[in-house]
Amino acid sequence: MIRVLFVCLGNICRSPMAEAKMRDLVAQENLSDKIEVDSAATSTNHIGEPPHHGTQEKLREYGISTTGMEARQLKKGDFEQFEYIVGMDDSNIGNINKMLGNPDSPKIFRFLDLTDHKKDVPDPYYTGDFQETYDLVEEGCQALLQKIKQEHML
Ligand code: 4NP
């Protein structure tokens with residue numbers, strides 16, 4: 001199994017959006033038996049909570065469910081469990097590296113560095129713009145799926 005972990009600060013806005021969108025794309029390509037997707041927070045602020053209602057509503061608009069999803073914190077063991085550890089912004093990458101013991105690994109990277117945008121995913125917790133984030137998340141997920149397919153000859 002190939003395992004992908006999306007990470008943001010709270011695990012209620014951006015990383016659960018990426019998790020649900022990526023799982024949907026993977027299912028559309030009939031790859032659910034090969035690629036597993038999860039997400040986690042660097043902070044403890046929202047552990048156990050479902051995705052933000054803005055994230056839930058935006059995904060529902062596109063026919064994607066968030067049922068059963070709840071925030072959890074990143075843990076050291078995630079480094080061994082996941083092959084792709086994807087931070088939403090530069091600050092997430094700094095925190096991931098610290099929390100995982102600074103492994104300095106190519107499997108840890110910033111999401112939109114896979115696209116031409118090469119920037120942080122804007123945080124709708126502060127911007128209120130869930131559409132802007134959704135559009136970038138969709139682009140990032142498509143790029144990540146291409147990368148995984150190439151690297152695993154799927
Ligand atoms: P996220 O957004 O990292 O995309 O889930 C945030 C959610 C909560 C907080 C910050 C960002 N917070 O400070 O509680």
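A charge sits over a ring if NZ of Lys or CZ of Arg is within 6 Å of the ring centre and within 35 degrees of the ring normal. Keep that rule in mind. This is a predicted model, and here is a case from it. The charged end of lysine 147 sits over the ring of phenylalanine 109, 5.2 Å from the ring centre. Here is another. Lysine 107 lies over the face of phenylalanine 79, and there the distance to the ring centre is 4.3 Å.

Now rings against rings. How many aromatic pairs are there? The count comes to three. I will take two of them.

Phenylalanine 6 pairs edge-to-face with phenylalanine 111. The centres are 5.4 Å apart, and the planes make an angle of 70 degrees. Where do the two rings come from? Phenylalanine 6 lies in strand 1, residues 2–8. Phenylalanine 111 lies in the loop between strand 4 (108–110) and helix 5 (124–127). The pair therefore ties together parts that are 105 residues apart in sequence. Are these two buried or exposed? Phenylalanine 6 is buried, at 0% relative accessibility. Phenylalanine 111 is buried too, with a relative accessible area of 0%.

Next, tyrosine 62 and tyrosine 134. This pair is stacked, at 4.0 Å centre to centre and 15 degrees between the planes. Tyrosine 62 sits in the loop between helix 2 (53–61) and helix 3 (78–81), and tyrosine 134 sits in helix 6, residues 130–151. So the pair links parts that are 72 residues apart in sequence. Tyrosine 62 is partly exposed, at 38% relative accessibility. Tyrosine 134 is buried, with a relative accessible area of 1%.

On to the cores. The largest nonpolar core has 34 residues. Which have the most contacts inside it? Phe6, Met22, Ile35, Phe111 and Leu144. Strand 1, helix 1 (14–28), strand 2 (35–41), strand 3 (84–87) and helix 6 each give this core at least two residues. Helix 6 provides the largest share, eight residues. Take leucine 144. Setting aside residues up to four places away in sequence, leucine 144 touches Val4, Phe6, Met22, Tyr84, Val86, Phe109 and Leu114. Another core lies apart from the largest one. This other core has eleven residues, including Val7, Ala40, Ile96 and Leu100.

Helix 4 next, residues 90–99. Which of its residues are buried? Asn92, Ile93, Ile96 and Asn97. Down the helix axis, these buried residues fall within an arc of 130 degrees, so they line one face of helix 4. What covers the buried residues of helix 4? The cover includes strand 1, helix 1, strand 3 and strand 4.

Look at the ends of helix 4 as well. Aspartate 89 caps the N-terminal end, with a side-chain oxygen 3.1 Å from the backbone nitrogen of serine 91. Just after helix 4, glycine 101 takes a positive phi of about 90 degrees.

Last stop, aspartate 78. Aspartate 78 is in helix 3. Is aspartate 78 buried or exposed? Its relative accessible area is 1%, and the cut-off for buried is under 20%, so aspartate 78 is buried. A polar atom of the aspartate 78 side chain lies 2.8 Å from the backbone nitrogen of lysine 75. Leaving aside neighbours within four places in sequence, aspartate 78 is in contact with Leu5, Arg72 and Ile85.

Methods. Residues numbered from 1 in each chain as written. Predicted model: local features only at pLDDT ≥ 70, side-chain atom pairs only at ≥ 80, totals over all residues. Heavy atoms only, no water. Phe/Tyr/Trp six-rings, centres within 6.5 Å; stacked < 30°, edge-to-face > 60°. Helix = DSSP H or I, 4+ residues; strand = E, 2+ residues; numbered from the N terminus. Buried < 20%, exposed > 50% of the residue type's maximum accessible area, 1.4 Å probe, protein only. Core = buried A, V, L, I, M, F, W, Y, C linked by side-chain atoms within 4.5 Å. Contact = heavy atoms within 4.5 Å. Arc of directions from axis to C-beta. Polar contact = N/O pair within 3.5 Å; in protein donor to acceptor, adjacent residues only side chain to side chain.
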